[in-house]
Structures are given as C-alpha cells and as structure tokens.
Amino acid sequence: MFNEKDLTAIDLTQEATAEEPLRQYYFMAKLRELVKTLSEERGRPLLVYNLVVGCQMNAKDSEKLLGILLQAGFVETEAEDGADLVVYNTCTVRENANQKVYGRLGYLNSLKRQNPDMLIAMCGCMMQEPHVVETIRTKYRFVDLVFGTHNIYKIAELLYLRVTTGKMVIDILKDAKTIVEDLPAQRKYSFKSGVNIMFGCNNFCTYCIVPYVRGRERSRKAEDILKEIRQLVADGVVEVMLLGQNVNSYGKDLEEPVSFASLLRRVNDIPGLKRIRFMTSHPKDLSDELIEAMRDCEKVCRHLHLPLQSGSSRILERMNRHYTKEQYLMLVDKIRREIPDMALTTDIIVGFPGETEEDFEDTMDVVRRVRYDSAFTFIYSKRTGTPAASMPDQVAPGVVKERFDRLLKLVQQIASETVGKDCGKVLEALVEEEDEHQPGFITGRLSNNVMVHFPGGRELIGTIVPVRLTEAKGFYYLGRMEPYKE
Ligand code: SAH
Ligand code: SF4
Ligand code: F3S
C-alpha cells in the first residue's frame, strides 16, 4: 500500500478533529473497528468491489478510495457477486456512459436482494449532477451512499455514518476549495502511476460537462507534487503521468504562480524517475516555454495528446475553444520543428450543433495534414446544462454517423501508415504486462506511446529494455529484445 498510515496511535475515545487529513485517519480507524466486528460475525473478511469508468482522473480517484478502504480493513475482490461493499465510480462525459449506470444499478439491486447486508456506494462525476442524485434518491432507494468528486477523501467517514445510522447518506459538494493531501492509495501498477497536478477545469467548452462536475481549476503546490513523485519512485515507479484537464494552465492559481514548463523541468530532475507523460494539453495554452521544456527534458516522452475537437474555425468558436484551424496547424508545425520525433494524438468530436459538410471537411483536412499517430473520435453527445445542448441546429444522427465513419476510416488509414515508420529501429520499451494473446511474449510501451510485443518473461515487467522493431502491424509492432548497450 502506498503511503500507508499508522492508525494504531489514534485515540478513538476522543471526538474527531475538524482538521484534514487527520479527521479522515480518525474515521479510517473507526471504520476499521466496525469492519473487524462485522468480519468476526460473518467469519470472513469484508470484501470491496470497485468499478471505475471514465478518464485517468477517475482511475486515480479510485486508487485513493481503495487505499482508504483497504486501510479500514476491507479486502479487494474482482467480483460484485459476494462483495460486502460495491463502490461505483462513474463518468458522465457522454450520454452512453451515463445510461449504463442505471442498468448496472438494476443488477446490483438483484444482488442485494440475495444479500441484504451488501452496501452500495455511488460516486464520481455523474453524482455531481443534481438530476442524477434525485433519481437515485427517489427510484433507487437501495443505494446506501452517494458522494461526488470533491469529497472522495471522506469515504471512511461517510461509510461510518451510513453503517452507524442505518440511513442512506448523500453528501455532494458543489465545489472544493482545499485539496486534501497525504491519503493512502492502492496503486494499480507497481511501476507507473498517475499524479494529479491540478483538479477541475475553467474552460467551459460549450459541449463539455467536466467543468460542472469537477469544479474550478485548483493546482496542487509544486512541492506536494514533487514529494509525491519522489515517494512513488522510492516505491518502484519509473513512469509518471501528470494529470489535469488542462495541464498547460497549471500553477496560475497558486499563491506563488509556477508554470507547467517549470514544473516539468523540476520533475525531470528527480533521480530514479525514467519517464514523464502528461494529459491533457489544451492547444490554446501551449506555450513556447513548454515546447522548449519538452524538447530539453530527456525524460519527457515523445508523445503529445493535443485535442483538436474540430478542424473548422467556425465550429471551434462555437465550441469556445479559443483557437482557429490555422493557429492549431501553426502550433503543430512549431512542435514538429522543435521535436521532430514527437508523436501526436488527438480527440475529435463529430456532429457538434451546426456542423456542415464544409465544417466537417475542415476536420478531415486537419487530419490529413497533421497525420496523427492515433485519434479518439467521438459522436457529439448532448449534455444537459451545457450551452451546446440548447443550440437549435443539432445535426441529424444519420448525417453524423456517416461523417463519423468517414473520419474513422481516414484516421485509421493514416495511423497505420505513420505507426510503421520506426520499423527496423531499436527503441526503448517499458515492459507493462504479459501478452494476453501469445504465451511467452510481453508487451512494452515505447516513448511515443505505441505498443510492441516481443518474446520475454514476466520478470521484465516494470523495466525499460531496448527492443528492435521487426514488424509493423498497423497500430503496434512486433519486435525482439536487443542486448543492453552500456
Ligand atoms: N480536458 C480534456 C478532455 C476531457 S474529456 C481536453 O480538453 O482535451 C475527453 C474528450 O471527450 C474530449 O477531448 C472530447 O473530445 C470528448 N467529449 C467531451 N464532451 C463531449 C461531448 N459532449 N460529446 C462528445 N464528446 C465529448
Ligand atoms: Fe471539457 Fe474543455 Fe475542460 Fe477539456 S478543456 S475538460 S473539453 S471544458
Ligand atoms: Fe468522465 Fe469525469 Fe473524467 S466525466 S471523462 S470521469 S472527469
């Protein structure tokens, strides 16, 4: 367990302090007593099942949730069936993610009928929407605990409240002012980790719900970030992914402002750390200073995710993205000039309200010119409460689907051509896992984020090895390990 806390010294005969994170350590200890009693009664450990969907932010939140729950004495299980506590960390960025949750709740209800002691906790972005909480409160009465994105650190306290009062607990904060540091975390990978550098988003792209469910931008102090990364390195981590909805505006809200570029340089100086990635960069804030930092820092991976969303300047304006097609293309040129081997990936939305065939052709044009290494393409999804949801000229689903298919075909064709360009070279790969499909093979990630499969054993997981890329397979390579060079 990362950052495990010693809970034995906490005096539980006293009232809980208001000071965080001490208050949470107190409730972890309180909950641990409860969990112990319950597991003695049931003659087995109490099992927690965590389901997490959505982006890296949610994945990171779930590591903290699990860290707290494991410290409180729960044991993690891989199955909902038989779990004593199910925690569902939700996403609401598109409607389809949202719909699945209600289906899943129906299933949990059937499990709970067989096992009435089972506790169900709902959290994450979807819970920050008032209409969702209202639906759960009235139609899904079997849910035990509902909390949001701003108070995940409180799960032990909220669960303790639920168990001791026997009542449904709903605790949603509209926004968060402080950041609670120093929580335990159950890390998913031993060798790599996400690191929050900021929370929330101030950009209000007109299609996007994230600013409403994640609140305003708050940066962590550089010292706290660096301390966490040093601890992670001591714990075996070689690669970090710095996380924020718009990392390029990191530090602007701090008492002593720090730029993302200077943070990157300081992270690059941490001994023992081998690779740095970050997610996500908004094109409007990508400074020359940052391009220089990426170029100079040898640990910064040769991959930049630079969401385009649309190639039409007219649509970009309606999206409130604050850049034009030309500015985006100039930015790409500048990056390629400074760092020629930088892989570029992107996000694109098809069918934003008012998108004409001409607008869509502008998107296709940018894709052809930039030649992305890969692109995530999304069909525009109407999110209640966002400005785009009430724009009058929504595009007909048939038209959107036809454009989406054309875009996907182009993206895939270009990606299969660009990804093969390093064939024959020897590049470093971080070994991440055993290859599921080929026994005796392992899977590594190159600096440019492309995967390579090659013969090797699981003892190499977490190490960086030189691999000759022998065959390009469209989106990945086959390869073989080369001897280490001194
Ligand atoms: N902060 C990141 C994106 C977070 S959401 C950024 O600005 O790039 C991840 C992606 O989901 C977005 O880049 C966008 O392409 C997509 N997305 C967000 N809202 C959407 C919506 N309403 N419909 C379809 N796709 C959406
Ligand atoms: Fe959403 Fe835009 Fe913020 Fe990204 S930058 S999270 S797309 S509002
Ligand atoms: Fe989804 Fe929330 Fe991330 S809405 S994409 S989990 S910030």
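Which residues of α3 are buried? They are N98, V101, Y102, L105, L108, N109, L111 and K112, where buried means under 20% relative accessible area with a 1.4 Å probe, protein chains only. The model is predicted, with local features needing pLDDT of at least 70 and side-chain atom pairs counting only at pLDDT 80 or more. Residues are numbered from 1 along each chain as its sequence is written, and side-chain values use heavy atoms, without hydrogens and water.

Helix α3 (residues 95-114) has 20 residues and reaches 31 Å from its first C-alpha to its last, close to the 28 Å expected at 1.5 Å a residue; the expected span is 1.5 Å times one less than the number of residues. Helices (H or I, at least four residues) and strands (E, at least two) are DSSP runs, numbered from the N terminus. The buried residues of α3 pack against β3 (85-90), β4 (119-124) and α4 (130-139), contact being heavy atoms within 4.5 Å.

An open sheet has three strands in the order β7-β10-β11, with parallel pairing. β7 (192-196) and β11 (275-279) are at the edges with a single partner strand each, so one side of each has no neighbour in the sheet.

| Pair | Bridges | Sense |
|---|---|---|
| β10 (residues 239-243) and β11 | five bridges | parallel |
| β16 (residues 441-446) and β17 | five bridges | antiparallel |
| β17 and β19 (residues 476-481) | three bridges | parallel |

In strand β17 (residues 451-455), four of the five residues are buried. I442 has F454 in β17 as its bridge partner, and V452 has Y477 in β19.

Note on methods
Chains are lettered from A and ligands numbered from 1 in the order in which they are written. Buried means under 20% relative accessible area, exposed over 50%, partly exposed in between (1.4 Å probe, protein chains only). Two strands pair if DSSP finds at least two bridges between them.
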